[in-house]
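Reader: Could you take me on a close look at one helix of this model, and then at what lies on the surface elsewhere? I would enjoy a connected account.

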Amino acid sequence: MDERPVELTYALRALAALVVVGGLTVLFVVLFRDSLVEAWAEGNPATRDLLADGGIDAVLGGTVRPPHFVAPSITLYVVMLGLLWVLSAFLRNGVEWGRIGITVLLLGSAVASIGAILTAPPLLFVICTVVAILVGATSLVLMWLPPVTHYIHPRAAIAPTPSPVPATESRR
């Protein structure tokens, strides 16, 4: 295997940055859970009046329970972290399906993230999501550049040499 291209190193660093952004987002979910519940209640017709009349405590004590935010976000983060760790190890060693797996994972995450933005969460979470999408897109672009493909498929990048044509006897 050839020496690892700098583009792959940068792609892996971008994945590491994505892990950091994800960790910060999960920390913000834990710290600002009430803001998420409030944003959810404002968007839910069954709880909007309750929020306006009694505030967040009325929503938390009401009959319509807000979704859990902390446990799913921690679980999703741990699963994504594990998948990225394993797939990036394969990519680092030049295995094509590591790159394909990361691509599918990041594209699926981007679609889900855009869906999350459309639910109108607090601005802090919109910013974290947009940063995560941009960092993920950067990683994708870098890992699909030709030097990385050459690293993964070194023989495909070498042009085949034409086979020598046997000399034929000249006609007399």
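**A helix with a buried face, and a nonpolar patch**

Author: Happy to. I74 is partly exposed, because its relative accessible area is 37%. Bear in mind that this is a predicted model. I74 sits in helix α4 and belongs to a nonpolar surface patch of about 740 Å², made together with V20, L24, L27, V30, L31, F32, V78 and L124. Two elements, α1 and α4 (70-92), each give two or more residues to that patch, and α1 gives the most, with five.

Now for the close look, at helix α6. Buried in α6 are F125, C128, T129, V135, G136, S139, L140, L142 and M143. Viewed down the helix axis, the buried residues of α6 fall within an arc of 165 degrees, so they line one face. On the face of α6 turned away from the buried side, you will find the exposed residues L123, L134 and V141. The cover over the buried residues of α6 includes α1, α2 (33-43), α4, α5 (96-117) and α7 (146-152).

One last stop is E3, in the segment before α1 (6-31). E3 counts as exposed because its relative accessibility is 74%.

Methods: Residues numbered from 1 in each chain as written. Predicted model: local features only at pLDDT ≥ 70, side-chain atom pairs only at ≥ 80, totals over all residues. Heavy atoms only, no water. Helix = DSSP H or I, 4+ residues; strand = E, 2+ residues; numbered from the N terminus. Buried < 20%, exposed > 50% of the residue type's maximum accessible area, 1.4 Å probe, protein only. Patch = residues over 30% accessible without salt bridge, like charges linked within 9 Å, V, L, I, M, F, W, Y side chains within 5 Å. Areas by Shrake-Rupley, 256 points an atom, 1.4 Å probe, with all protein chains shown as cover. Salt bridge = Lys/Arg side-chain N within 4 Å of Asp/Glu carboxyl O. Arc of directions from axis to C-beta. Contact = heavy atoms within 4.5 Å.
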